[in-house]
2 protein chains.
Amino acid sequence: MTRSPVSRTIQEVMALLAPMVQWFTRIPELRATYGSEICDFGSGNPQEGAIEGYARVLKRWADPQEPDWFAYKVSEPKAQAVVAASLRDYVGIAFEPEDIALTNASIAALAVTLRTVCEPGDEVVIVSPPHFLYEPLIRAASASAVRVKVLPETFDLDLEAVAQALTPRTRAMIVNTPHNPTGRIFPPAILQRLAGLLTEASERHQPVFLLSDEAYNRILFDNRRFASPAAHYRRTFLIYSYGKVLLAPMQRIGYIAMHPQMPEREAFRVALMAGQIATGYAWPNALLQHALHDLDPLRVDIEQLQVRRDRMVDALRELGYELHVPEATFYLMPRSPITDDERFCEWLTEEKIIAMPGSFLELPGYFRLSLTATDNMIDRSLPGFARAMKRAREV
Amino acid sequence: MTRSPVSRTIQEVMALLAPMVQWFTRIPELRATYGSEICDFGSGNPQEGAIEGYARVLKRWADPQEPDWFAYKVSEPKAQAVVAASLRDYVGIAFEPEDIALTNASIAALAVTLRTVCEPGDEVVIVSPPHFLYEPLIRAASASAVRVKVLPETFDLDLEAVAQALTPRTRAMIVNTPHNPTGRIFPPAILQRLAGLLTEASERHQPVFLLSDEAYNRILFDNRRFASPAAHYRRTFLIYSYGKVLLAPMQRIGYIAMHPQMPEREAFRVALMAGQIATGYAWPNALLQHALHDLDPLRVDIEQLQVRRDRMVDALRELGYELHVPEATFYLMPRSPITDDERFCEWLTEEKIIAMPGSFLELPGYFRLSLTATDNMIDRSLPGFARAMKRAREV
């Protein structure tokens, strides 16, 4: 029998990615077809460019200040110090600079951490709806994903389901808070109880590591406060990307920060470096590490995002859509007026509106809209949303 | 039994990296001890900063020209076109733009390609002395490395050894030409015969893929021409990094280019994308992809490097060192005047000269000097080289 040219692992990754790849491939096609008329609420990609001042910072740090400005680096001590200070102020935990691994953003941070802790046969618990890359990255680390659904209505963590999902084979859990796509910030009381479950499982079987994916932790509405799972559980890898808050996801910089009380921290300091090498030398570019001091304080205009959220929620509700008001992130999750959310998103496409079917996100019966669209797109889209609702009511 | 916090694969990678990590860790210590007196010929890191004009190009492309300038990307069509044109002119092969995967430089390109083609149990042939990351990356792709030594004196490919190394389990071979650290450009006649061996093995057992690591293919001396293995073998992944020629290794951009006659090319187009995702979203930053049009033509000052090579070769020979004249790359490989090259490098350290022992590179009896040192370091180092030679003669 002739073997496939492609390794089994990468074949599995391909199979897991196929629906999303197919969906994302359509976006440029639709943009080509409809040109400037398209209203793209589909991906979380910024439609208005990076935030004010971003290019200025890059240019400021592009001039070498030392001969080895662009020479080989791992995590730059200055960048580690920026992150440690930022986490101390923002999360209230004194992470040690040496416990911060700068990575080329969250996907690399997840890939590196999973490869470093997982063996074949391990299970990694993920919260459904999950980021569409969690399962491929878990498979690439030769482990398997075990899902726990968020609670209906509140979109909160289902702790009973978590308790049932924890087995002797559980090696890690990924929690994403604020949660994409529901915009839910998991509250401290729930995180505290989650930590209890993970501690119990760690004591009963083997250490369970928490990967806390906090890419949206600075995009909060209504003056809410963010609660990091790291405040409750010491075996936490806090994973962050600057891509969302800077609206520059393809300038890849982020980090893995190890909790100062993580018992295995010393071993992981070296192991994560080996993991980063095995993951294709997954450190951020020199320019971004130099610039981090000036990038860290920058923020997307949250007020403007909130105004946009409120306007869109009000307008959609007025048209008859049911939707909750997200606490954080970029996303709205209206209910699909018909059961088949994929079909409804097709109708929206006919109205030149790109929205992501909830089925693709493991939340059938909903569709996702990203607030990274422009205000102008919102204006232009509302008659289309109205017509699609009318069509739904006529079915 | 308590399991290790670190996965077996990453433990293996750590063990393979340990000697080099230890060695590289000493460089900043020595620099701290000796300050500006140190003459660092150790790593291939640029000691004089990136090449003229580099920062200007970055700044030129930092200003967004479209709203999605820094938005999520894979391989940008414009960057693929730049690479295809560059390869057509430089290597003389018409690679298709769609067959070019932009990656965050060579290490990622190797990691992605190896993961995409290798299964557990596969063997990957490497040429010794190899780059110190080849074996860790092969292990990270769950395959094992099989070494073939270069011929003594000529440092040429040992085709008989290659023929013996090819087994039914051989999945790939990595060839690095121009070769680090010997500076040898493997000649077309040898590459042609290598292609014959690989074709025969592919027909007898299973397809064998050639990973042609050409990071130094534009750093050639004496007006030599570069011959790519891709000109001789269709199952070639041509792997390139811009880090060497731009003296900016930590601004990570490079590529995997698939030979236009590779039979499995269609399957690999999608598979390499999945491989890049599995490798932590291993595409280069948006800024570097935009800038590639202006970066591709830039070159380190080869004439200056050649003058430096000649000066250093002459000076060292005059002091009694035996060494060949490299055809390409950054490196000189003098013979150690005493059998124990590690000990000799210690003596050099006492003279404030950092050199890499050949033993670390699998070429015992030699030591490596990188021409990325400054002219001033060469001036200052020569008395130290003289004293170390005197000491060797007195043993």
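The model is a predicted one, in which local features need pLDDT of at least 70 and side-chain atom pairs count only at pLDDT 80 or more, while totals for chains, interfaces and linings use all residues. Residues are numbered from 1 along each chain as its sequence is written, and chains are lettered from A and ligands numbered from 1 in the order in which they are written.

We can start with the two copies. Any two copies of a chain are related by a rotation about an axis and a shift along it. Here, chain B is superposed on chain A by a rotation of 180 degrees with 0.0 Å of shift along the axis, at an RMSD of 0.0 Å (least squares on the C-alpha atoms of residues with pLDDT of at least 70 in both copies). The two copies are thus related as by a two-fold rotation axis. Both copies use the same surface, with 100% of the contact residues of chain B recurring in chain A.

Across the interface, 67 residues of chain B are in contact with 67 residues of chain A, contact being taken as C-beta atoms, placed from the backbone, within 7 Å. On the chain B side, the elements giving two or more residues include helix H1 (8-34), helix H4 (105-117) and helix H8 (265-278); helices (H or I, at least four residues) and strands (E, at least two) are DSSP runs numbered from the N terminus. That side comprises 42 nonpolar, 14 polar and 11 charged residues, where Ala, Val, Leu, Ile, Met, Phe, Trp, Tyr, Cys and Pro count as nonpolar, Asp, Glu, Lys and Arg as charged, and the others, Gly among them, as polar.

One helix pair spans the two chains: the axes of H1(A) and H8(B) come within 9 Å and cross at roughly 90 degrees (axes are lines fitted to C-alpha atoms, for helices over the stretch in contact, with angles from 0 to 180 degrees between N-to-C directions). The two helices are therefore roughly perpendicular, a term for angles of 65 to 115 degrees. Among the residues making this contact are A:Ile10 and A:Leu17 of H1(A) and B:Val270 and B:Gly275 of H8(B).

Turning to the sheet, 7 strands of chain A form an open, mixed sheet in the order S2-S8-S7-S6-S5-S3-S4, strands being paired if DSSP finds at least two bridges between them. Strands S2 (100-103) and S4 (144-149) of chain A are its edges. S3(A) and S4(A) run parallel, joined by 6 bridges, and A:Val125 stands opposite A:Val146 in S4(A).

Definitions and conventions
Contact = placed C-beta atoms within 7 Å. Parallel < 35°, antiparallel > 145°, perpendicular 65-115°, else oblique.
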